[in-house]
Amino acid sequence: MSGVSFLRENARWLATGLLLGLGSSFGQTYFIALFAGEIREAYGLTDGQWGGIYTIATVSSACLLILFGGRADTVPLSRLAVIVTGVFALACVLMAVSSSIWVLLVSVFLLRFCGQGMMTHMKATAMARWFVATRGRAMAITNLGYPVGEALLPLVTILIIATVGWRATWGVAAAVIAFVLIPLLIWLLAQDRSPKGSNGGQGAPGLFGKHWTRGEVLAHPLFYAFVPLLLTPGFIGTVVFFHAVHVAEVKGWTLTAMAPSYMTYATASVTMGLVAGWAADRFGPARLMPFVLIPMGLGMFLIGPAETPLGWAVALTLVGVTQGMAAALAGTLLPTLFGTNHLGSVRSIATAIMVFATAIGPGITGWFIDQGVTYPDQGVAQGIWCIALSLALLPVMFWTVRLQTQKAPG
């Protein structure tokens, strides 16, 4: 099937995935971090205290995702998406009107659960079910929703904040979700599609020709070999954006001067996401594992020496390369290895791990900032971790590829 034919025949389903990815932006770290300075000032918080609140809220959202994520296996997406986005809009309203730290905590919790958690989870689960032979291509295309948001929203949001204030900007976000996102999802999902995609109604099995349950996945050591790879892009990708205001203060830059860096990040993420999606279909997602974190590691080494926003842009571009590859890998590896019939339940664990990584990052790095270790100085340790983990993933790759050629034990 040609690229044009693929897009034409699957336009409705691809548009649904794109919209879920783009809509999740209001709960992603890079968006919330744009308000960090105003939030700290309004509530009298240090970097570490704000990072602690963010950590508590995000860890809580990860726990709820483990309990609630399995609904993607049992509740039609047309219903589940509307429920989640409705709560999402409410979370934005709470951010706009909150005057209490406790309400702030609840607001951030709901933003993280609905945006980064459930909307990302629903998108990836639906694409994995709806597409089999072209799963990598579908994931790469629908993952474009994330970098499109990263490219467009920061500068627009900064301008809106400057015009109407940070609280009213959250009101604008609530209106976009309620009056644009929800109606579009209702329209797109009005036409049903078999959740078994193109595999004759039987789903696509994983290792040993079976569909793995959550318990079976958690009992196999291979899953735990993936955990560091699941954690790292979320941890580092989150704190890079979360501490953008702090980096601006340390370097003497303005957020406006740094805003174009989001565009270079998004461009790199888009490009490498498409390349990685093609590569996952062509060579198998497992073979991508050792290469995903290398660009991010190089980018982290550059943040400290950067003397101008251009250096920041180069670092973010390299981080974007990894994020694009990681998104394609995360969307294709689990269904390939563990099948699609219980994918919502299985993916909820993996998504919760990734959300947990984004939770602990701001708290840990914020504490170091409070102790006098600036985030640019922390970048070296994070870069070393990325390179070391890339080397450690080589034997994991060979192990995974070998398992894919084996029959079921016994």
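## Pockets, a cavity and one buried threonine

Colleague: Which residues lie nearest the centre of the second largest pocket?
Modeller: Keep in mind that this is a predicted model. The second largest pocket has 19 lining residues. Those that lie nearest its centre are Leu22, Gly23, Phe26, Leu153 and Val176.

Colleague: Which elements give two or more residues to the lining of the second largest pocket?
Modeller: Three helices are the ones to look for in the structure. They are helix 2 (11-23), helix 10 (145-164) and helix 11.

Colleague: How many residues in the lining of the second largest pocket are nonpolar?
Modeller: Let's go class by class. The lining of this pocket has no charged residues and four polar ones. The nonpolar residues there number 15.

Colleague: Where does Thr169 lie, and is Thr169 buried or exposed?
Modeller: Thr169 lies in helix 11, which covers residues 166-188. Its relative accessible area is 3%, and buried means under 20%. Therefore Thr169 counts as buried.

Colleague: Which residue has its backbone oxygen 2.7 Å from a polar atom of the side chain of Thr169?
Modeller: Leaving out residues up to four places away in sequence, Thr169 touches Phe35, Thr157, Ile160, Ile161 and Val164. The backbone oxygen you ask about, 2.7 Å from a polar side-chain atom of Thr169, belongs to Gly165.

Colleague: What is the volume of the largest cavity?
Modeller: Rolling a probe the size of a water molecule over the atoms shows where empty space is left. Here the count comes to one cavity of 30 Å³ or more. The space in the largest cavity is about 860 Å³.

Colleague: Which helix gives the largest share of the lining of the largest cavity?
Modeller: This cavity is lined by 44 residues, with Thr120, Gln323, Ala326, Ala327 and Met354 nearest its centre. Several helices give two or more residues to the lining, including helix 8 (101-130), helix 18 (309-338) and helix 19 (343-370). The largest share, nine residues, comes from helix 18.

Colleague: What radius of gyration does the chain have?
Modeller: The chain has 20 helices and zero strands, and buried residues make up 57% of its 410 residues. A compact globule with 410 residues would have a radius of gyration near 22 Å. The value for the chain agrees with that, at 20 Å.

Definitions and conventions:
Residues numbered from 1 in each chain as written. Predicted model: local features only at pLDDT ≥ 70, side-chain atom pairs only at ≥ 80, totals over all residues. Heavy atoms only, no water. Helix = DSSP H or I, 4+ residues; strand = E, 2+ residues; numbered from the N terminus. Buried < 20%, exposed > 50% of the residue type's maximum accessible area, 1.4 Å probe, protein only. Polar contact = N/O pair within 3.5 Å; in protein donor to acceptor, adjacent residues only side chain to side chain. Contact = heavy atoms within 4.5 Å. 1 Å grid on protein atoms, 1.4 Å probe; cavity = no way out; pocket = protein on both sides within 12 Å on 5 of 7 lines; lining within 4 Å. Nonpolar A, V, L, I, M, F, W, Y, C, P; charged D, E, K, R; others polar. Points joined across faces, edges and corners; volume = space filled by probe spheres on them. Rg over C-alpha atoms; globule rule 2.2 N^0.38 Å.
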